[in-house]
Amino acid sequence: MRRTLTALTILSLTTLTAPASAAAVWAGVDATTSGYGVHAGTALLPIPFIGTIGLEGSAERPWQATDTTYNRYAAGVTLRDLNLPLTKVDAFATVGGQLTAPTTQGGENRFALYGETGLRGPVFGPAGWRAFVRASSAGQIGAGIGLELRF
């Protein structure tokens with residue numbers, strides 16, 4: 001009886017802490033407060049009961065190009081699939097570097113560190129939604145939503 005109770009306890013803990021949608025690779029499109037873009041990543045190391053460490057890259061363009069707007073290119077290390085118990089939603093956090101390049105001639109490229117965090121959830125099959133906020137050492141703050149395919 002005691003073994004059965006222990007087994008049921010372990011099984012229920014694994015079910016409650018399982019990620020909503022662990023993926024080996026993912027790619028998606030985003031709409032942000034400053035523009036639109038794409039992102040893609042790959043899982044490197046699953047960490048049981050916590051999440052997955054991976055690499056992610058992104059590229060974004062401004063909604064409208066002027067002499068004061070920049071394209072954004074970023075790469076970072078991400079911790080994904082942080083389960084929110086009893087939901088089909090999980091959290092993620094990314095830190096990395098970004099390069100902002102002017103959309104018109106005459107500006108200069110800028111490098112900064114950034115951090116991003118957000119939530120992900122299912123839509124249908126391998127498709128899911130994501131919502132995030134981001135801040136950089138260059139003083140940029142933004143948010144966005146997107147759709148993502150996970151495999």
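Author: Here are a few terms, each set beside its definition.

Author: This is a predicted model, in which local features need pLDDT of at least 70, side-chain atom pairs count only at pLDDT 80 or more, and totals for chains, interfaces and linings use all residues. Residues are numbered from 1 along each chain as its sequence is written, and side-chain values use heavy atoms, leaving out hydrogens and water.

Reader: Why does V38 count as partly exposed?

Author: Buried means under 20% relative accessible area and exposed over 50%, with partly exposed in between (1.4 Å probe, protein chains only). V38 has 45% relative accessibility, so it counts as partly exposed. You will find V38 in strand β2 (residues 35–47).

Reader: What makes a nonpolar patch on the surface, and which residues form it?

Author: Members need over 30% relative accessible area and no salt bridge, and nonpolar side chains (Val, Leu, Ile, Met, Phe, Trp, Tyr) are joined within 5 Å. A salt bridge would be a side-chain nitrogen of Lys or Arg within 4 Å of a carboxyl oxygen of Asp or Glu. Here V29, V38, L84, L119, V123, F124, W129 and L147 form the patch. Strand β6 (residues 110–124) gives the largest share, 3 residues.

Reader: How do you know that β6 pairs with β7?

Author: Strands (E, at least two residues) are DSSP runs, numbered from the N terminus. Two of them pair if DSSP finds at least two bridges between them. β6 and β7 (residues 127–136) are joined by 10 bridges and run antiparallel, so they meet that definition.

Technical notes:
Patches are made of residues with over 30% relative accessible area and no salt bridge: like charges are joined within 9 Å, nonpolar side chains (Val, Leu, Ile, Met, Phe, Trp, Tyr) within 5 Å. Accessible areas come from the Shrake-Rupley method with a 1.4 Å probe; for residues, only the protein chains shown count as cover. Helices (H or I, at least four residues) and strands (E, at least two) are DSSP runs, numbered from the N terminus.
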